[in-house]
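This report describes the strand pairing, the nonpolar core and the ligand surroundings of one protein model. The sequence and structure are shown first.

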Amino acid sequence: MKLNFGILGGGSWGTTVASLLAKNNNTILWARNEDTVNEINTRHMNSKYLPGGELNKNLVASNSIEDTVKNADVIVVGIPSQHFRDALKIAKPYIRPWVPIVSLAKGLELDTKKRMTQIIEEELPGHPAGVLTGPNLAKEIHAGQAAAAVIAMVDDTIAKQLQGSFSTGLFRVYTNDDVIGCELGGALKNILAIASGMGDGANAGDNTRAALITRGLSELTRLGKAMGGKGSTFSGLAGMGDLVATCSSSKSRNYQVGFQLGKGKRLEHIIEEMNEVAEGVKTAKVVMELARDYNVDMPISYEVYKVLYEGNTVYDAFNGLLKIESGSEKEPG
Ligand SMILES: NC(=O)C1=CN([C@@H]2O[C@H](COP(=O)(O)OP(=O)(O)OC[C@H]3O[C@@H](n4cnc5c(N)ncnc54)[C@H](OP(=O)(O)O)[C@@H]3O)[C@@H](O)[C@H]2O)C=CC1
Ligand SMILES: O=C(CO)COP(=O)(O)O
């Protein structure tokens, strides 16, 4: 069934998802940048975030958040986590009752430590809230390469309907009812992608990367389960899938931050030179607090945090990890 979609956020992922949706649905994309809107409407491109390659010609962009959401049957939010709540507040007066809201963001709000669907529930109570997540590097999907994702909603009927809307031949969408686990998988893996990039930047080797991914999955799963996610979610697309993609791809912005740190660059300079978001940098702060709140050991994330915020070097981080006593794989730690 053809639905009306309103997408908020004209960055690389918001635009890519909007273009996928426009294949089979009426789709409007809201971007605050006028040049982006004009370029999408006239040249079917978003060269700031997705250089090269055309977007679906049916995609309409708008500078008006009201026009974008007022007739929408579904709203999709691709705004980075630290600005997600503000965008919902602006859109709220124009959103029709009970319209499902789907988050694309992979981060946690700094002040509140909340997930994006918790923010949706607070700002738009009564609206079904869900997340689209998984190993989905925007630039590959924009280039027409195949990928798989998960739509997680508590209500299975809505999840199945959205599964049909988001799916295209090359973009395979699975359903999951574990919204907490799916959301946490996407947010927590970004810090581990920074760790993996740090290792590669410092030429630590393929074995180190494999160890970081595997032990990273273990710590991500520990916190995720303590916060209410299901163990099986973390071995699926939203957990292991996304972890593997971002920890091993130079297309990941989080991996790139780590890689540059591994090369000895300072965080401020790396961020200054990037025109895209790397959610793991801010999420690392939140995750350290959550690890304390839930009394969960997260040694790799902690070493990343110390490099980002306490002046440690990448070599301090790897030395720190090597000093930790290695226990049994069956036990946490
Ligand atoms: N890119 C990817 O491969 C994937 C990204 N994600 C997640 O999707 C989310 C969005 O990321 P992505 O699209 O990559 O980000 P980008 O860095 O590519 O773009 C960010 C977008 O958000 C807009 N924006 C930033 N702040 C505000 C604000 N206060 N109000 C309105 N718009 C704002 C920017 O607008 P402007 O241009 O005007 O600054 C820009 O359009 C992130 O949480 C990310 O983790 C998830 C899966 C894949
Ligand atoms: O989440 C992503 C791919 O699944 C994108 O990762 P980055 O934000 O690190 O680019």
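Two strands are said to pair if DSSP finds at least two bridges between them. The model discussed here is a predicted one.

**Strand pairing**

By that criterion, strand E5 (residues 101–103) pairs with strand E6 (residues 129–133) in the parallel sense, over three bridges. Within this pairing, Ser 103 stands opposite Val 131 in E6. The chain passes from E5 to E6 through helix H5 (residues 116–123), and this β-α-β crossover is right-handed. E6 also pairs with strand E7 (residues 147–153), here in the antiparallel sense and over four bridges; Leu 132 stands opposite Ile 151 in E7.

E6 is mostly covered, as five of its five residues are buried. In a regular strand the side chains alternate between the two faces of the sheet. In E6 both faces are covered: Ala 129, Val 131 and Thr 133 are buried on one side, and Gly 130 and Leu 132 are buried on the other.

Strand E2 (residues 26–30) has four of its five residues buried. E2 pairs in the parallel sense with strand E1 (residues 4–8) over five bridges, and also in the parallel sense with strand E3 (residues 60–62) over three bridges. Leu 29 of E2 takes part in both pairings: Leu 29 is the bridge partner of Ile 7, and the bridge partner of Leu 29 in E3 is Ala 61. Two β-α-β units include E2. E1, H1 and E2 make a right-handed unit, and E2, helix H2 (residues 34–43) and E3 likewise make a right-handed one.

| Strands | Sense | Bridges |
|---|---|---|
| E1 and E2 | parallel | five bridges |
| E2 and E3 | parallel | three bridges |
| E5 and E6 | parallel | three bridges |
| E6 and E7 | antiparallel | four bridges |

**Nonpolar core**

The largest nonpolar core contains 99 residues, of which Leu 29, Ile 75, Val 76, Val 77, Ile 151, Leu 192 and Val 304 touch the most other members. Helix H8 gives the largest share of this core, twelve residues. Because domain 1 (4–177) and domain 2 (188–323) both contribute residues, the core lies between them.

**Ligand surroundings**

Ligand 1 is surrounded by 27 residues, and the closest are Gly 11, His 83, Ala 105, Ala 138 and Glu 276. Helix H1 (12–21) and helix H4 (81–91) each supply at least two residues of this shell, with H4 giving the largest share, four residues. By class, the shell around ligand 1 has eleven nonpolar, eleven polar and five charged residues. Domain 1 (4–177) and domain 2 (188–323) each provide at least three residues of the shell around ligand 1.

Around ligand 2 there are 14 residues, of which Asn 136, Leu 137, Ser 252, Arg 253 and Asn 254 come nearest. Helix H8 (179–201), helix H11 (237–247) and helix H12 (253–262) each supply at least two residues of this shell; H11 gives the most, with three residues. The shell around ligand 2 has five nonpolar, five polar and four charged residues. Ligand 2 lies between domain 1 (4–177) and domain 2 (188–323), because both give residues to its shell.

**A partly exposed position**

Ala 226 belongs to helix H9 (residues 206–226). Ala 226 is partly exposed, with 15 other C-beta atoms within 10 Å.

Methods
Residues numbered from 1 in each chain as written. Chains lettered and ligands numbered in written order. Predicted model: local features only at pLDDT ≥ 70, side-chain atom pairs only at ≥ 80, totals over all residues. Near = placed C-beta within 6 Å. Nonpolar A, V, L, I, M, F, W, Y, C, P; charged D, E, K, R; others polar. Domains from an automatic or database assignment. Buried ≥ 20, exposed ≤ 12 C-beta atoms within 10 Å, placed from the backbone. Right-handed = clockwise from strand over helix to strand, strands pointing away. Core = buried A, V, L, I, M, F, W, Y, C linked by C-beta atoms within 7 Å.
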